[in-house]
Amino acid sequence: MCAPSGKDHSLCCLPQPTTKLFIDGKFVESKTTEWIDIHNPATNEVVARVPKATTSEMEAAVASCKKAFWNWSETSVLSRQQIFLRYQQLIKDNLKEISKLITFEQGKTLADAEGDVFRGLQVVEHACSVTSLILGETMPSITKDMDTCTYRLPLGVCAGIAPFNFPAMIPLWMFPMAMVCGNTFLMKPSERVPGALMFLAKLFQDAGAPDGTLNIIHGQHEAVNFICDHPDIRAISFVGSNQAGEYIYERGSRNGKRVQANMGAKNHGVVMPDANKENTLNQLVGAAFGAAGQRCMALSTAILVGEAQKWLPELVERAKNLRVNAGDQPGADLGPLISPQAKERVCHLIQKGVEEGASLLLDGRNIKVKGYENGNFVGPTILANVKPNMTCYKEEIFGPVLVVLEADTLDDAIEMVNNNPYGNGTAIFTTNGATARKYSHLVDVGQVGVNVPIPVPLPMFSFTGSRASFRGDANFYGKQGVQFYTQLKTIISQWKEEDATVTKPAVVMPTMGN
Ligand code: NAD
């Protein structure tokens with residue numbers, strides 16, 4: 001076992017030989033007999049292990065959330081805000097340490113890991129504006145002497161289930177927004193990358209979060225089923241694959257919970273011949289291969305329109321120049337995939353593309369990274385002449401693979417994108433405002449970039465993936481996030497002007513009309 005820094009992380013922060021549970025304000029060792037190994041993706045060495053929490057441990061975590069709820073929800077909004085103000089500073093102070101941990105467990109480059117923490121930090125900063133976010137509505141004199149107001153109130157115990165690809169950002173999409181609104185929270189991180197969340201939990205405690213307001217369990221399917229079924233959990237935030245997300249949405253909803261599920265994607269970059277070539281090719285390459293393509297907003301599919309098809313050889317040249325290495329090595333542009341299974345799956349989809357008639361212009365399958373021969377590396381790969389019926393187009397590859405299609409016109413490109421079931425993100429590259437306007441207006445995708453390859457909204461907006469990329473009603477963070485984690489209570493009050501004492505009882509249903 002080896003740690004990414006010389007600091008003493010013995011209180012809670014990973015990597016430690018065993019990942020703790022966080023229950024009722026204490027980092028505790030699980031009593032389970034079932035453990036999952038955590039590997040460094042650059043070496044495949046086991047660096048830590050994570051427990052499959054027992055049922056009684058998971059019950060204790062929910063009971064702790066439930067017990068803490070009343071006091072937390074009654075804590076003034078200003079006091080909750082103060083905790084998050086301290087929290088955002090602590091995350092800033094520890095950003096580099098958290099990032100090292102992410103690179104160690106997840107494999108992405110250090111610069112990208114810093115981006116992972118930073119984009120999560122922005123949500124924490126946004127949560128600090130709770131005083132305006134959580135305002136209700138009022139209408140005085142709705143009828144004579146009668147006023148109506150709504151309060152936005154917390155739901156109770158909420159839960160989050162996170163994926164492996166953003167170990168800090170995605171948990172930070174979840175519990176800060178929920179908790180600043182007055183909910184208590186149960187997190188289940190990805191069993192492959194729990195370290196960053198454990199570090200973030202310690203910082204949250206240091207910021208003054210009361211015991212029991214945040215609890216953390218670990219595990220896989222049993223932990224997920226436990227969350228979907230537990231009667232004391234009111235809402236579930238999920239981010240991950242369609243397979244898990246559809247299941248959790250269905251099971252959680254059936255049990256009467258609110259569920260929001262952000263899922264897989266196939267994001268198209270439409271390249272018009274009038275685009276700024278230099279910028280466009282650089283942006284395409286960065287957005288397709290950065291983070292080894294393990295981003296739900298990776299620009300994994302290019303549609304070259306008309307004359308832009310001639311740019312393909314230059315695109316390949318730029319992709320060739322990217323440096324593949326362990327994420328903590330200077331100059332690395334992309335690191336390894338999360339596991340040998342992920343690598344095998346990506347290589348299989350590349351092969352399938354070749355067999356189904358695509359042209360393999362750049363093949364990263366046999367890449368060797370000096371000093372990291374056992375890592376799960378795949379180099380940048382480009383499949384051209386791809387058609388919509390090919391497996392490599394229909395499936396989310398989630399690796400450093402760009403599939404390239406061709407279209408004669410903008411209309412053809414729009415039709416292609418709209419026929420794809422996913423609606424997470426898309427981008428158009430053009431110097432023509434009318435083309436950009438037409439594309440963003442007609443394309444049926446929840447997040448659209450105009451000369452912006454990865455259009456992930458900042459947290460004063462919401463993350464608005466659509467169609468097969470999302471299940472639920474209210475999206476993550478921003479105003480939508482506050483809606484998801486709160487319920488409305490409407491109070492209609494009548495205070496008669498003439499007298500505080502009613503002289504004659506009203507026996508008819510009020511009509512609001514007089
Ligand atoms: P995953 O679905 O395998 O795992 C996500 C979580 O669900 C984990 O906590 C895991 O323990 C649990 N889980 C896994 N399989 C399950 C199952 N069959 N039943 C119940 N629970 C299960 O996802 P991942 O591989 O960790 O993450 C990659 C996926 O997440 C990609 O599809 C990516 O597009 C998606 N993603 C989407 C967004 C978004 O905002 N749309 C963001 C990040 C990642």
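Modeller: Before we start, one term: two strands pair if DSSP finds at least two bridges between them. The model we are looking at is predicted.

Colleague: How many bridges join β12 to β13?

Modeller: Strand β12 covers residues 268-271, and β13 covers 301-305. The two strands run parallel, and Gly269 stands opposite Ala302 in β13. The cut-off for pairing is at least two bridges, and the number joining β12 to β13 is four.

Colleague: Are the residues on both sides of β12 buried or exposed?

Modeller: His268 and Val270 are on one side of the strand, with Gly269 and Val271 on the other. Buried means under 20% relative accessible area. Both faces of β12 are covered, and these four residues are all buried.

Colleague: What is the order of the seven strands in the open sheet?

Modeller: The pairing in this sheet is mixed. Neighbouring strands are turned by 20 degrees against each other on average, direction ignored. Read across the sheet, the order is β14-β15-β16-β13-β12-β18-β19.

Colleague: Which strands stand at the edges?

Modeller: An edge strand here has a single partner strand, so one side of it is left without a neighbour in the sheet. That applies to residues 359-362 and 448-450. These are β14 and β19.

Colleague: What is the bridge partner of Thr426 in β19?

Modeller: Strand β18, residues 426-429, pairs with β19 in the parallel sense. The pairing runs over three bridges. In β19, the partner of Thr426 is Val448.

Colleague: At about what angle does helix α11 run to β14?

Modeller: Helix α11 spans residues 312-320. It lies across four strands, β13, β14, β15 and β16. To β14, its angle is about 50 degrees.

Colleague: Is α6 roughly parallel or roughly antiparallel to α7?

Modeller: The axes of α6 (residues 169-180) and α7 (residues 195-206) come within 11 Å and cross at roughly 25 degrees. Angles under 35 degrees count as roughly parallel and those over 145 as roughly antiparallel. Therefore α6 and α7 are roughly parallel.

Colleague: How many residues in the contact of α6 with α7 are nonpolar?

Modeller: From α6 come Pro171, Leu172, Phe175 and Met179, and they meet Leu197, Leu200 and Phe204 in α7. None of these residues is polar and none is charged. The nonpolar residues number seven.

Colleague: How many charged residues are in the contact of α2 with α7?

Modeller: Ile83, Phe84, Tyr87, Leu90 and Ile91 in α2 meet Leu200, Leu203, Phe204 and Asp206 in α7. Eight of the residues in this contact are nonpolar and none is polar. The number of charged residues is one.

Colleague: Is the crossing of α14 and α15 left-handed or right-handed?

Modeller: The axes of α14 (residues 410-419) and α15 come within 10 Å and cross at roughly 25 degrees. That makes α14 roughly parallel to α15. The crossing is right-handed.

Colleague: What is the relative accessible area of Gly446?

Modeller: Gly446 is in the loop between α15 and β19. Residues it touches include Gly423, Asn424 and Thr464. Buried means under 20% and exposed over 50%, so Gly446 counts as partly exposed, with a relative accessible area of 26%.

Key: Residues are numbered from 1 along each chain as its sequence is written. This is a predicted model: local features need pLDDT of at least 70, side-chain atom pairs count only at pLDDT 80 or more; totals for chains, interfaces and linings use all residues. Side-chain values use heavy atoms; hydrogens and water are left out. Axes are lines fitted to C-alpha atoms, for helices over the stretch in contact, and angles run from 0 to 180 degrees between N-to-C directions. Contact means heavy atoms within 4.5 Å. Angles under 35 degrees count as roughly parallel, over 145 as roughly antiparallel, 65 to 115 as roughly perpendicular and the rest as oblique. Ala, Val, Leu, Ile, Met, Phe, Trp, Tyr, Cys and Pro count as nonpolar, Asp, Glu, Lys and Arg as charged, and the others, Gly among them, as polar. Buried means under 20% relative accessible area, exposed over 50%, partly exposed in between (1.4 Å probe, protein chains only). A crossing is left-handed if the near helix is turned anticlockwise from the far one by less than a right angle, and right-handed if clockwise. Lists of a residue's contacts leave out its neighbours within four places in sequence.
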